[in-house]
Amino acid sequence: MNILVCISHVPDTTAKINFTADGTSLDPAGVQFVINPYDEFGLTKALHLKEAQGGSITVINVGPATTEPTLRKALAIGADKAVRIDATPMDAITVAKELKNHIEANSYDVIICGQESIDYNGQQVPAMLAAMLRLPFANACVGLSIQNSTATATSEIDGGHATYEATLPMVIGGKKGLVEEKDLRIPNMRGIMSARTKPLEVIASSETGGLTSAVAFEKPAGKAEVKMVDAENVDELVRLLHEEAKAI
Amino acid sequence: MSIVVFVEDWNGAYKKASFEAVGYAKNWASMIGAKVIAVTSSEAPAAELADYGADHCIQISLGQTAMGIAGQLEALSADASGVVIAGTSLGRSVAPALAAIKESALSTNTISLPLGTSPLQVKRGAFSSKGIETIELSGASPIISFVPNSIGIENASGEGVIESQEIPATELLQVVGTEVASGKVALPEAEAVVSAGRGLKGPENWGMIEELAEVLGAATACSKPVSDIGWRPHSEHVGQTGIQVNPNLYIAIGISGAIQHLAGVSASKTIVVVNTDPEAPFFKAADYGIVGDAFEVVPKLVNALRAFKAAS
Ligand SMILES: Cc1cc2nc3c(=O)[nH]c(=O)nc-3n(C[C@H](O)[C@H](O)[C@H](O)COP(=O)(O)OP(=O)(O)OC[C@H]3O[C@@H](n4cnc5c(N)ncnc54)[C@H](O)[C@@H]3O)c2cc1C
Ligand SMILES: Nc1ncnc2c1ncn2[C@@H]1O[C@H](COP(=O)(O)O)[C@@H](O)[C@H]1O
């Protein structure tokens, strides 16, 4: 089975977010970048699939050379091969097109994306990719099993779950549940050593432009000072919620 | 000229987020002198949509999956000046699929009405609500997917002309089953959320959390470790790597307020924190705080709210 895991390179979850002086982009100074947490579940799922049924795992990122450490980390965790499409994408549709071009030129049985990237929180690339490739798509995917060329996927939907059956290839937007938190793989020494010699192919970008652009970034307005209410006086809280906050 | 809006229903009744979506479309449409076309598979009275600004209601048997629906919306929005989709679970798949087939610009996580229409600019949440981006959308027929509850519901009047159409949905996969808890408030759209963390000590203590949620008509949620240990289902996990919520009221009980938790809840309008530790970081992000033991405070709060509801 040929598995493609799409990896997004994002600020660490604890990163303090700052914007450049002109306000038009993220200021990367002091920010540590990591594999998008949603993609970690996808990568571990890919390893489980490979271990059960054989195959090969390719990880891919559309981004500039600065994302290579993230791809190397994915190799250290166990992917067989990495591909970087050399571009600084303007928007999700451009990323999806670049990925589509690569997928069409290769053959993958499963394309595993994360439900969303925690940077721009777009939740856009996976559905776009599936629509462009006309492939089955399961978003918010919390379960995936594959038998021969049939996939059964479970997705979270509002208020519950849906189960889908599809003929491969298919695209998923995965999240926690795809594998459990405790099963997430972290690189070990052997993995790190072998990642150095695994192939990381850089492909030229085939798309230009984009349909959206960032005009400015700002930080959300800070909260006013918290009002403390005595634990013995919850009636006061109810009053405040009703009269002041108009929340009830 | 028209703005097409996707109207989702829940067991035949329109979702609240759908009224918000129609209102969004109405606001946008009036900026450019267009009509609002609402697309729905519900048999619920179209007049309900007209009350929020729908001029035309197209009733159609919508597909079962995002891809199927996106194909139908493509056909229905071919001449539209724009499309509005609420950011529900379904909407969050439909919008990007539609953007890809229409080759239209898309803004997800949108939290404002259009700031201007030539060029079209809106504000959207980014970096898990740690930033707000003003984004410009170019090209024909841009798509706006907004965060439920971020715009609010407003009455407006539309013409409410009803027509039905038949466009077959092309599905790329088969739905073999769905399992939906009836009567539960869906988290992303909930107006109030009661959330609890590891401070609750064990799953057996969630009864009082559910009671509190029930009095408030709220959805229940939890911190990540709570769903990791299996005290609560994954689908209740809120935060940067879970569901992002935007309710009017978020009550956090026994949650420390780690940066990753705050990232998914800080857009809530009013935040109440109950924690035994006065130094808990969550108090810095709260509007109202109680330093106290959840096991004492929550039952008292349930009673106080019941009394308040009974009196009002
Ligand atoms: C990559 C990554 C992603 C993450 N994503 C998320 C996410 O999306 N969402 C999320 O929630 N977390 C996330 N986390 C985890 C986050 O860092 C915190 O560990 C987590 O939010 C803590 O959960 P908690 O507040 O329930 O537990 P704790 O930190 O253990 O806090 C429990 C709190 O309960 C209080 N308490 C104890 N007893 C009582 C009592 N009787 N009454 C009242 N209060 C009491 C304590 O004072 C304490 O403040 C993520 C972490 C990482 C590394
Ligand atoms: N630049 C990128 N390169 C490779 N994959 C990406 C990229 N951006 C997003 N993805 C994939 O798409 C998923 C959702 O991202 P997004 O649409 O940005 O929220 C991520 O979890 C990745 O799997």
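1. A backbone N or O atom of Gln240(B) lies 3.0 Å from an oxygen atom of ligand 1, and ligand 1, which taken alone exposes 990 Å², has 78% of that area buried by the protein. Accessible areas come from the Shrake-Rupley method with a 1.4 Å probe, and for residues only the protein chains shown count as cover. This is a predicted model, in which local features need pLDDT of at least 70 and side-chain atom pairs count only at pLDDT 80 or more, while totals for chains, interfaces and linings use all residues. Side-chain values use heavy atoms, with hydrogens and water left out, residues are numbered from 1 along each chain as its sequence is written, and chains are lettered from A and ligands numbered from 1 in the order in which they are written.

2. Two further backbone approaches to ligand 1 deserve a look: a backbone N or O atom of Arg198(B) is 2.8 Å from an oxygen atom of the ligand, and a polar backbone atom of Gly199(B) is 3.4 Å from a nitrogen atom of ligand 1.

3. The shell around ligand 1 holds 27 residues, the closest being Ser223(B), Ser256(B), Gln260(B), His261(B) and Asn275(B), where a residue is counted if one of its heavy atoms lies within 4 Å of the molecule. Because residues from chains A and B surround ligand 1, the site is shared between chains. By class, the shell comprises six nonpolar, 16 polar and five charged residues; here Ala, Val, Leu, Ile, Met, Phe, Trp, Tyr, Cys and Pro count as nonpolar, Asp, Glu, Lys and Arg as charged, and the others, Gly among them, as polar. At least two shell residues come from each of helix H6 (224–228), helix H7 (259–265) and helix H8 (294–311) of chain B, with helices (H or I, at least four residues) and strands (E, at least two) taken as DSSP runs numbered from the N terminus.

4. Ligand 2 is surrounded by 18 residues, and the closest are Cys6(A), Asp39(A), Ser117(A), Gln123(A) and Val125(A). Oxygen atoms of ligand 2 lie 2.6 Å from a backbone N or O atom of Cys6(A), 2.8 Å from a polar backbone atom of Gln123(A) and 2.7 Å from a backbone N or O atom of Val125(A). Taken alone, ligand 2 exposes 480 Å², of which the protein buries 93%.

5. With a disulfide defined as a pair of cysteine sulfur atoms within 2.5 Å, the count over all chains is zero. Cys6(A) is in no disulfide, and the nearest cysteine sulfur, that of Cys113(A), is 3.7 Å away. For Cys141(A), the closest cysteine sulfur is also that of Cys113(A), but at 11 Å it is too far for a bond. Cys6(A) is buried at a relative accessible area of 8% and Cys141(A) at 0%, where buried means under 20%, exposed over 50% and partly exposed in between (1.4 Å probe, protein chains only).

6. Thr220(B), in strand E15 (residues 219–222) of chain B, is buried with a relative accessible area of 11%. Leaving aside neighbours within four places in sequence, its contacts (heavy atoms within 4.5 Å) include Leu187(B), Val194(B) and Glu236(B).

7. Pro278(B), by contrast, is exposed with a relative accessible area of 51%, and it lies in the loop between strand E17 (270–275) and strand E18 (288–291) of chain B. Beyond neighbours within four places in sequence, Pro278(B) is in contact with Phe283(B) and Val291(B).

Technical notes. Polar contact = N/O pair within 3.5 Å; in protein donor to acceptor, adjacent residues only side chain to side chain.
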